[in-house]
Amino acid sequence: PVPITGHREGFDASELAELELVEVPHVEALTPERAAFNRCLRKAMPPDNGAWVERPFERVAKCSAFGEQVPKVYIGYKRLAQIYLPSLQHYPNETIDNKKRYLKESIERFIVPMCRINNYNHQIYEEKDPSVKWDPHAFMEAMAGKHLLFMGDSVLRQFLHSLACALAEAGYHAQRMLMSVKVEVELQYENGFKLSKWTMLDLKPWNRVYLTQQLQEADVVFLNMGHHYHFMNLTSKYQPDTQTLMNLLATSDTPVVLMESNAAHFPTISGDFHDPRRREEWSTSQRDRGKFPCMQVPNVKEKTVNERNRLFVGAADRLGFPVLPVFGLTAPRWDAHQGWYGFGLERRRKPDCLHYCYSPAMFEPIAARIQRIAAAAAAA
């Protein structure tokens, strides 16, 4: 990739002031064509009406999607979008003294680790509709020459990792891997398929401008405003931002699928880390590092995470955007988190009951839904 030219450190004060005054027009309804397209995508989305069932334990083979056989290209920019969009001049360039060390550390941070408990792959998701299943060969055929883009936080980075691992297990390895300073990644495959993850953690004025441009670089976008989305105050910031996001998406012709936040299983009343109503096991797990800290949460559908999902899905329903039901698929899987060992590092202060370990069985129902709706969007 050719570095962009005319790079500068960011907007000046007058430009920022102008952007702050720009309001995103409120969209009452989509065009008839876009509304019909969204209905098509919503119809393609299978419901989450199956159930997790026990099966004999299977040990998971190590994922080979990011091994030495995949050429890796370091991009000296914070965001991958900067090599596609010359107008992305807000993010300053960063100089890395030791690129080899940086690249190694970035890849280690990116790869989802194997679990250190022995029961995380003991369940499979049994669909009510047997036709809903993950088929990597059909997926690659449908996505040939297309760009599938995940936009969101580190949980969506995990989804990209799991999807790439599922493709590698079926014999599809990337021909090249691009990685940016902020651990954004793009995998390029032999049939022209590109699989990317870009970051979206807020809707500050300049990010609104860039979001509309970034959408043009993909054929299908899966997007969330999840656990690490900034400004988590629900009524004063998060809810208005969901409306702003829908208004921005309404101006784009790119197929967009919104994704719920996944369930968390910290030892609190709701399972959310930020829930102040901590259970007795919170302090117990901190003292006993040999004990798996994540736990089944009786009220996992109450408060915090699911309240954000309620606002997010409500805003999506207003304009008919399809939503992938991640919360319901992950709520029962309290046992598949990373625990004290998150992304290969021992967590000394707090456990990770948000991100999941690498498990094909855990990801398969999500992959099946990504395949269904991405194929429908690509065909349309």
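Hi everyone, let's start with a pairing: strand 6 (residues 185-188) and strand 7 run antiparallel and share four bridges. Strands here are DSSP runs of E with at least two residues, helices are runs of H or I with at least four, and both are numbered from the N terminus. Two strands count as paired if DSSP finds at least two bridges between them.

A word on where this comes from: it is a predicted model, where local features need pLDDT of at least 70 and side-chain atom pairs count only at pLDDT 80 or more, while totals for chains, interfaces and linings use all residues. Residues are numbered from 1 along each chain as its sequence is written, and side-chain values use heavy atoms, leaving out hydrogens and water.

Back to our pair. V185 has K197 of strand 7 as its bridge partner. The hairpin of these two strands has five residues between them, and there G192 takes a positive phi near 90°.

Which way does strand 4 (residues 147-152) run against strand 7? The two are parallel, joined by six bridges, and L148 stands opposite L195 in strand 7.

Five of the six residues of strand 7 (residues 194-199) are buried, so the strand is largely enclosed by the rest of the structure. Buried means under 20% relative accessible area and exposed over 50%, with partly exposed in between, using a 1.4 Å probe and protein chains only.

Now look at helix 2. Its buried residues are R34, F37, N38, L41 and A44. The face turned away from the buried side carries exposed P32, R39 and K43.
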